Amino acid sequence: MSISIIGRSIAESATLKLNETFAILKAKGEPVIHLGGGEPKSKTPIDAITNFTGLINSGEVRYAPVDGTVEMKQAIIRYTEEFYGRKVTPQNVIASSGAKQAIMVALQTILNPQDEVIYPAPYWVSYPEMVKLCGAIPVPVFAEDGTFYPSMLDIERHFTSYTKAIMLNSPNNPSGAVYSEEFIANIVEFCEKKGIYLIMDDIYHRLVFEGKKVPNVYDYAKDHTENSKIIVVNSVSKQYAMTGFRIGWAVANKKLIEVMANIQGHQTSGTSVLLQKAAAGAINGIQSSVDSLRETLENNRRVMLQQLNAFDGLHVTPPDGTFYTFVDFSKYDKNSTRLSKFLLDKVRVLTMPGVEFGMDGYLRLSYCGSIKDIIKGIERIKWAIDPNSPNELYIGERKLVRDWI
Ligand SMILES: Cc1ncc(COP(=O)(O)O)c(C=O)c1O
């Protein structure tokens, strides 16, 4: 069969695939624990539900403007002013189907085939594939000191005449790293000097711990005109636990937004009016759900770190934000795909293989689920791979006997 070169180059989303596997096992009644999840479990904010039901009950659900409803754009404008101290106009914002589409359309707007996009590793699974979808070349940058925090020098070493953009996600999925003020200041200066785009994927920026603050990219920019090449992406998915609503947005200069809207208009049209209505409700409504989500996650993180500390020889960097920990399991198995499969097969715990985020030997463990799942899940992992564990483990009524160490 004839498949396009780009089509052939795109890998299946490993995270979505593993989520499907989890759902199948769960439906079969298997006692699976999901430590790979990418969505908080809290309920949709009440203001989102009220807004949504108001519109659906009206029975008048029509096409949305391609770049977003008036209400949604106003909500994004308010959000940008509140969290970034930046005043923008409706022509500077676009609502999309999740941060995913906002990033994708932004990349399609700025990239030509063979252009390069630099981003730090570990990185979100979709970045390389999104860049490849544009016929462009993903350039992950690993910190030379082996941490999750690349230096400016690490980034500069990968800059070429083909570099079109740098893409940052802070706090980072999967490491939870918040990049320092100094790093962001240097990146902004570098992008402005070189005339390249800076895409900030900020979807976790309100989910940070221990009073940390995520540096605001605009604080370091010199160019605040319509020539600014900064693109800030956000979404209701994580902060409001509204993953299923598929609403995200981008803030950028007017020309970019105009072209992004042209592209989006032919891809999906405007994202659903109903879902924008709900998203605007969440953004404009009472914000206590975000605070309580952050507190829950901070507590879950503490439990996760406590549990992980019970392992010998595991290297754990406490995450600054998000709901992920990215843990070096290479002492137990350098092949993260094999280890992840082994843990699912033997003790029914789902983890995400680090190789999908650019670093083999690591597993991404999420703490967005329940405390019980975190404790039980890590206990099972420890039992499966730690040679000092007892030979038997009970999962409910089921007795497991370890015959592999
Ligand atoms: C870093 C990062 N960016 C973007 C997205 C996509 O967000 P959305 O669900 O709003 O499309 C995700 C989702 O997991 C993510 O982790």
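**The whole chain.** Keep in mind throughout that this is a predicted model. The C-alpha trace spans about 65 × 55 × 55 Å along the principal axes, and buried residues make up 45% of the 405 residues.

**The ligand.** Select the ligand next, together with the 13 residues that surround it, of which the closest are Gly-98, Ala-99, Lys-100, Ser-235 and Ser-237. Which helix gives the most to the shell around the ligand? It is helix H5, residues 98-110, which contributes three residues.

**The nonpolar core.** Now select Leu-198, Ala-250 and Ala-279, which touch the most other members of the largest nonpolar core, a set of 111 residues. H5 supplies the largest share of this core, with eight residues, and the core draws at least three residues from each of domain 1 (5-43 + 288-401) and domain 2 (46-284). Staying with Ala-250, display the residues it touches, leaving out those up to four places away in sequence: Ile-94, Ser-96, Ala-102, Ala-106, Ile-231, Val-232, Val-233 and Met-260.

**Two cis peptide bonds.** Most peptide bonds are trans, and the next two selections are exceptions to look at slowly. Zoom in on Ala-121 and Pro-122, which are joined by a cis peptide bond with omega of about -5°; Pro-122 sits in the loop between strand S3 (116-120) and helix H6 (126-133). Then move to Asn-173 and Pro-174, where the peptide bond is also cis, with omega near 25°, and where Pro-174 belongs to the loop between strand S5 (163-169) and helix H8 (181-194).

**A loop with positive phi values.** Finish in the loop between strand S7 (230-235) and strand S8 (248-251), where Ala-241 is found. Although Ala-241 is not a glycine, its phi is positive, at about 55°. Is Ala-241 buried or exposed? Ala-241 is buried, with 22 other C-beta atoms within 10 Å. Arg-246 also lies in the loop between S7 and S8, and its phi, near 60°, is a positive value in a residue other than glycine. Arg-246 is buried as well, with 20 other C-beta atoms within 10 Å.

Note on methods:
Residues are numbered from 1 along each chain as its sequence is written. This is a predicted model: local features need pLDDT of at least 70, side-chain atom pairs count only at pLDDT 80 or more; totals for chains, interfaces and linings use all residues. A residue is buried if 20 or more other C-beta atoms lie within 10 Å of its own, exposed if 12 or fewer, and partly exposed in between; C-beta atoms are placed from the backbone. A residue is near a molecule or strand if its C-beta atom, placed from the backbone, lies within 6 Å of it. Helices (H or I, at least four residues) and strands (E, at least two) are DSSP runs, numbered from the N terminus. A nonpolar core is a set of buried Ala, Val, Leu, Ile, Met, Phe, Trp, Tyr and Cys residues joined through C-beta atoms within 7 Å. Domain bounds come from an automatic or database domain assignment. Two residues are in contact if their C-beta atoms, placed from the backbone, lie within 7 Å.
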